[in-house]
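This report goes through a few local features of the structure shown below, beginning with a single residue and moving on to strands and rings.

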Amino acid sequence: MSDEKPVITDNNSGDQPVVKTAKQLEKEAAKAAKLAKLQQKQAAQAAQQSAAPKEKAEKKAKVSKEIIYEGKTADGEKKDISGPMPEAYSPQYVEAAWYSWWEKEGFFKPEYFMKDGQLSSKGNFVMVIPPPNVTGSLHLGHALTNAIEDAITRWHRMKGRSALWVPGCDHAGIATQVVVEKKLWREEKLSRHDLGREKFIEKIWEWRKSKGGRIYHQLKKLGSSYDWDRVAFTMDPKLCKAVTEAFNQLHEKGLIYRNRRLVNWSCSLKSAISDIEVDKIEVPGRTFMRIPGYEDAIEFGVLVSFAYKIEDTNDEIVVATTRIETMLGDTAVAVHPNDKRYSHLHGKFVKHPFVNRRLPIVLDEFVDMNFGTGAVKITPAHDPNDYDVGKRYDLPFITIFSDDGFIIGDYGKFTGMKRFDARKAVLASLKELGLYKETVNNPMVVPICSRSKDVVEPLIKPQWYVKCDEMAAKATEAVKSGELKIIPENHTKTWYHWMDGIRDWCISRQLWWGHRIPAYFVRFNDVSKTPMDLQEEDFWIVARNLDEAIEKATKKFNVTKDSITLHQDEDVLDTWFSSGLFPFSVFGWPDNTQDMNLFYPTSLLETGHDILFFWVARMVFFGQTLLGKLPFKEVFLHPMVRDAHGRKMSKSLGNVIDPMDVINGISLEGLHLQLLDSNLDPKEIDKAKAGQKQDYPEGIPQCGTDAMRFALCSYMTQARDINLDILRVQGYRFFCNKLWNATKFALMYFKSGEKYDVIKKISSRESKADLWILSRLSQAISICDKSFVNYEFAQATQAAYSFWLYDLCDNYLECLKPIFASEDEERKSTARNVLYTCLDLGLRILSPFMPFITEELFQRLPRSNLEIPSISVASFPEIEQFNFLDESLEKDFEFVQKVAKEIRSARSDYNIPAKIKTEAFIVSSDEKLTEIVNNFKIEVQTLSYCSSCDVVSKPPTGCAILTVNAQCEVHLMLKGIIEVEKEIGKMEKKREQLQTSINKLKQKMSIEDYEKKVPFNVQQDNTENLKQSEIEVERIGAAMEALKLM
């Protein structure tokens, strides 16, 4: 055994345990010592500074008062916006009052575009929510799901389709029961068994009523356009009926059966759990982990070798195991038939040291001759591989653990011990008997229950199973034939992998909260008349209710009703069973409802790629099997949300963020307080606080719903993960402010009382700038529309963002200033129509992503068409209708922008204030470029803050020369505007500062193992900063040389 010290890790928290080797701890100790010295030094410096007199009073940070909506709009009424626009964008102001009006007006109902009960002529779009667990509040993963799904739904609605997005919640069997049990113990010191089943379920319903509305409130706060009249909870009577019917139909088809098999068992929950609820924790070697119910940490990551004595000889055979306590249930030893070391033991038996049991030595090719001693102990009742061996050789299956993890059976002093206490005791006894050989490090995976944090134990239990092979074959064929489309396509490989290796699905859960299994066990009142030739499974009757079960039982056993007693199965169904029925149970199946006829199958299923098998596959199974139709035509899978460092969201890391905190903003203290209300172990709270302080030292700024939604959708690339940076969300909050200010500014150009409509054809009166912005608008419309079709949301957000920020705000609005300052009424009138078209259609392409601010601004436009009550039901613009594309003109204007940018950069280099206009002289050797400059002369002047811009052959002296390209130069007049020597001195100082920064940055980037030690995003930032700083140094140098020549 290695002398390396064990690592103690904590597994009582809400997250996976941290596993560290002794060497890692040694490094951390050295770091901690350095940190302590640094802190002492900083404390000493702080003490000196506090003792010194302060020269200046500290400036207090400005606190701007948040603008809130104070209108007198009643709930459900249209928002009163008759007052003036606030000076700046405020999420609280903008997001107030709109949602209740949208809902009351029925904009979110498919009936809005239906006539006489018929779907819209443009078709329909139907989608169901991936129902969030009822256990608490939403996280950013839910926010991503809703941002994507609402954008899709709103786009389809704006295309004129009957759009239906069904909301709902999942009862979350295990998660909910655990939460309520903890609450019951914390508040009343009672267990569920103290209350009894009925009273405990009443407690859960009370909790659900108090907490269930919170999630729906959050979904509304996110702006999600659900049809709330169709909201569904998986424990609603309608959905319960569907669950019962589905179970019965699947049983009748021979697809549900009962059997005794190995299951994932949580001793803490006393229930089987699904694969998705098992966290596989990798340990590198000897590791001590804290397990619920044990005071001392438990050892994992070791391989213990011990010997079994060969019967009637002095020989022995050595086996190895990572779970020494399970040797109590051994019923054989296996060796490879070709392993010559053990050929003399073929057909022999070994003796169990603690019980009177003979263990045969069996020959099986599954044994790896090169691992350990090449001999394997077989415990069929507690190991999946051993289970298969036990079946092949008809070995006894001996269960040694009770449901709560105690040793059961005739094992002397070990009987009644907890399983991990027995681990120590068995090892000690083997040593006493001289059978123990050695313990060595062994990297392994420890299965941990994600709900209870207990170690999962394989146990044989009688359970209900769904036969999956035939359904999986049909699901595979659906994807291969193209009938079902999975997007992105790379996930089809995962689909085929799951389908090819599928096992039957254990659907029993030993819980109280959930859908009770509609199966009844038959007992004969006169035990002597019980048929003796039947198996235990034969006494189960599956039925829709007790009366039907009694009727079936009497026929099956040919007895009268009074001779038997039926008892319903105490177990409930796996939560994924009811979730798998969700796409049709919400519409009233098995009843032949109008909603079923209109809206099934649905159009799309959108969810995270992590539940492709656990949820998506099962919906496909049930839809094809129970209704003969796929439940949806397409599946779109989005990435997982991680933090800015690429880490999984984890409560103990302090990086799990409530979307409401991003919308409303929250202080660091507020984030800390939330940890105290969580289920985190007290030991983990300090660690989580440190994580929060590192990532959010100033708390989280108020970003608003629109900015958060837009940011989340902007991350939507084909990657498997999203590394979400809250600062990026804040950046889009600033974009909202730009939208607000730009629209507010643009509205000043419209004449009071005049109304406008979008233009669909250009006239001969538009200026070059007008035609350019219309072309850019058409480009944005085309990209956004195509991107929605192809689920390319990052492209759609980028197109809309670029149009508003770079095309409209930075260029077109600037170009309009001289026009509206002139006396040319015809040009002004034309510009107003073009500007209105840009605002109206520009808001529409943003609306699916930013519903609140686009509605607020849309309602303030001077619209002539008031038949459109809301932007949420306005038509989404299409390129066929608004095709103003002119690539040649766009290319010309791109050159104009390049000229203007060169001039602005030079003005910045020479520190020329914006209020001082300069003269620009263009020297061009290319006739085409000369023509472009002459055509856009006013635009160049406006965008570059010049008083004049002329094409000349001989520019005057006193100019700085700016190279646009090989054929074009700009000579910018500086003579009389700047003091040359003074400006050179300023530039020299700035260059020195930049050079110092560059040197420091290069030093940082040259450290040993830089690429390994520094996070990738930080490396990217450093590289970009270095590049920009070096470019800036070059620019300053060039500018200084130009000045010296003047």
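A polar contact is taken here as a pair of N or O atoms within 3.5 Å, where, within protein, one atom must be able to donate a hydrogen and the other to accept it. The model is a predicted one.

## The surroundings of Thr 331

The side chain of Thr 331 comes to 3.2 Å from the backbone oxygen of Pro 396. Thr 331 belongs to the loop that runs between strand E12 (316–321) and strand E13 (332–335), and with a relative accessible area of 2% Thr 331 is buried. Leaving aside residues up to four places away in sequence, Thr 331 touches Leu 359, Pro 360, Ile 378, Pro 380, Leu 395, Pro 396 and Ile 398.

## A four-stranded open sheet

Four strands form an open sheet in the order E7-E6-E19-E21, with antiparallel pairing. Strand E7 (271–272) and strand E21 (505–506) are at the edges and have a single partner strand each, so one side of each lacks a neighbour in the sheet. Strand E19 (residues 457–466) pairs with E21 over two bridges in the antiparallel sense, and Tyr 465 has Cys 506 in E21 as its bridge partner.

## Aromatic rings and charges

The whole structure holds 61 aromatic pairs. Phe 584 and Tyr 600 form an edge-to-face pair, with 5.7 Å from centre to centre and 80° between the planes. Phe 584 lies in helix H15 (residues 582–585), whereas Tyr 600 lies in the loop between helix H16 (594–599) and strand E27 (604–608); both residues are buried.

Charged side chains also meet rings: the charged end of Arg 728 sits over the ring of Tyr 715, 4.0 Å from its centre, and Lys 220 lies over the face of Trp 228, at 5.1 Å from the ring centre.

Technical notes
Residues are numbered from 1 along each chain as its sequence is written. This is a predicted model: local features need pLDDT of at least 70, side-chain atom pairs count only at pLDDT 80 or more; totals for chains, interfaces and linings use all residues. Side-chain values use heavy atoms; hydrogens and water are left out. Buried means under 20% relative accessible area, exposed over 50%, partly exposed in between (1.4 Å probe, protein chains only). Contact means heavy atoms within 4.5 Å. Two strands pair if DSSP finds at least two bridges between them. Rings of Phe, Tyr and Trp (its six-membered ring) pair if their centres lie within 6.5 Å; planes under 30 degrees apart count as stacked, over 60 as edge-to-face and the rest as tilted. A charge sits over a ring if NZ of Lys or CZ of Arg is within 6 Å of the ring centre and within 35 degrees of the ring normal.
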